[in-house]
Amino acid sequence: MTDYKRDITIDYSNVMEEAVGPEHGISQGELELLRPRAAEVHKWLAGLKEKGEIGFFKLHEADTTKIKKYAARVRERYENFVVLGIGGSALGASAINGAVGRNFAPLLTKRKRDGYPRLFVADNIDPDNFGQLLSALDPKKTIFNVVSKSGATAETMSQFMVVFGMLEKKLKGKWKKRVVVTTDPAKGVLREIVNEHKLDSFEVPPNVGGRFSVGSAVGLLPLACAGVDVDALLAGSARMAERTRSDDITGNPAYLFSAVMHVADVKKRKPMVVMMPYSSRLYGMADWFAQLWAESLGKRTTRGGSVVHAGQTPIKALGATDQHSQVQLYVEGPFDKIFAFLEVEKFDSELRIPSVFGKRPETSYLAGSTMNELLNIELQGTKYALTIHNRPNLTIKLPEISAHTVGQLVYMLELSTAFSGGLYDVNPFDQPGVEFGKNFAYAMMGKEGYSGLKAEITAKLKDSKRRTVE
Ligand code: PA5
């Protein structure tokens, strides 16, 4: 049995008024004022969990046997595993694979990849990119995992249709074992296709929304196939679930993160949050968080229907890379942001910088130290610069990057997002703004039942004044 002891922590000293001053910093009193609301939101979430209305709370309790069995079969026989999906059906697998998967797997031989297939997440419908990916893969050695909860998303279904056409042409009748579908257990056209063609399939629990689904087969299947320890990932989420049972906003890491972001947004005029990992491996987690935070909290109305236009805009940045790009703006530009760093206390590798260019002062100060020290010092430098310029910033510290710590982070940010929905009094589990785009595509691509909407859109577009420069 693996012994997991290392918890992620949050250092929020630099968001407080003692560090960044009373105008931009949060006072203990402001946090205290949130406690009654926090207790109500805690109760609301507990009710959703108990009644089974929202399922992400319990994904870490699921049995992974079927997923691991399928993954073992794929590992033996295939070289590539391609996820066809978008949004919540793609970002989680991509982020976690980037964090704990075999990065640069496409460059490695099968033996160096320990026999695991390369994972590709085709989360777009760019014809150049998707076309190039398909022509680079040998269909005989590739599994395509179609992931769509609704089974109706135009991007995913068009990817699947292109792949289906290609497989039929190249493999004739022998393509069925090259496709595995992850979708609703009973509803939707994908489930119909699974039944009609007797395809391998996994289920997205009906009470788990796309962006909260990485702990289900949506994320676990591709991750297991790519060699990620999915049990450690879920154990990490379980550990975080255990640490986030209380409604104490300064003791519960998920609620603390929400409380800080909420006060920053509504009281300190910080409508943007920059998530900045100082680790390339964790950059995808910032991308995943951006979707979770934006799609869950960016809402026109409260749950009661009053117009609020709520939400805090998530921005992703990468340390140290973006020190030479965005950080100038962050240190001296408008006071409209709060920062969340992801810090890694111990990297897997230590890369020593050799003494190679003699006694030149421009390089000799680096010689003998490590890239690890340099990256860490640069992170301390960014925090220091922001803090002395009165920019609130907090740090989520990962003792190391492992499936277990990433599993903790996933659950913490999912719970924070749900809790923040409660603080803003919006529904964090729907996405009417996204549905709008989906309906536009259905109408304009000629889907049955959408001709009225197509006529309406066409008329509106005809009336709008065009201004172009040629
Ligand atoms: O979080 C969400 O609900 C969305 O981002 C969906 O995941 C995305 O739109 C894809 O939907 P589906 O899985 O139904 O294809």
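**Close-ups of helix packing, ligand and loops**

**View 1. Helices α10 and α15 cross in a right-handed way.** Keep in mind, here and in the other views, that you're looking at a predicted model. Two packed helices are described by the angle between their axes and the distance between those axes. In this view, α10 covers residues 253-266 and α15 covers residues 403-424, and they pack at about 45 degrees with their axes 8 Å apart. That angle makes α10 oblique to α15. On the α10 side, look for Pro253, Ala254, Tyr255, Phe257, Ser258, Ala259, His262, Asp265 and Val266. Facing them from α15 are Met412, Leu413, Leu415, Ser416, Phe419, Ser420, Leu423 and Tyr424. Sort the residues of this α10–α15 contact by class and you get twelve nonpolar, four polar and one charged.

**View 2. Helix α15 also meets helix α4.** Here α4 is the stretch from residue 91 to 100, and its axis comes within 10 Å of the α15 axis. The two axes cross at roughly 145 degrees, and the crossing of α4 and α15 is right-handed. The class count for the α4–α15 contact is six nonpolar, with no polar and no charged residues.

**View 3. Helices α6 and α7 cross at roughly 25 degrees.** Helix α6 runs over residues 154-171 and helix α7 over residues 189-197, and their axes come within 12 Å. Angles under 35 degrees count as roughly parallel, so that's the description for α6 and α7. The crossing of α6 past α7 is left-handed. Met157, Phe160 and Phe164 are what α6 brings to the contact, while α7 supplies Val189, Leu190, Ile193 and His197. Split by class, the residues of the α6–α7 contact come out as six nonpolar, one polar and no charged.

View 4. Zoom in on Ser148: an N or O atom of its side chain sits 2.6 Å from an oxygen atom of the ligand. Glu295 has a side-chain N or O atom 3.1 Å from a ligand oxygen. For Lys438, a polar side-chain atom is 3.2 Å from an oxygen atom of the ligand.

**View 5. A cis peptide bond links Gly319 to Ala320.** Most residues other than glycine have a negative phi, and most peptide bonds are trans. The bond from Gly319 to Ala320 has an omega near 0 degrees, though, and is cis. To find your way there, look in the loop between β10 (313-316) and α12 (327-332), where Ala320 lies.

**View 6. Asn390 has a positive phi.** The value is about 60 degrees, even though Asn390 isn't a glycine. You'll find Asn390 in the loop that runs between α14 (371-388) and β12 (393-400).

Terms used
Residues numbered from 1 in each chain as written. Predicted model: local features only at pLDDT ≥ 70, side-chain atom pairs only at ≥ 80, totals over all residues. Heavy atoms only, no water. Axes fitted to C-alpha atoms, helices over the stretch in contact; angles between N-to-C directions. Helix = DSSP H or I, 4+ residues; strand = E, 2+ residues; numbered from the N terminus. Parallel < 35°, antiparallel > 145°, perpendicular 65-115°, else oblique. Left-handed = near helix turned anticlockwise from the far one by under 90°. Contact = heavy atoms within 4.5 Å. Nonpolar A, V, L, I, M, F, W, Y, C, P; charged D, E, K, R; others polar. Polar contact = N/O pair within 3.5 Å; in protein donor to acceptor, adjacent residues only side chain to side chain.
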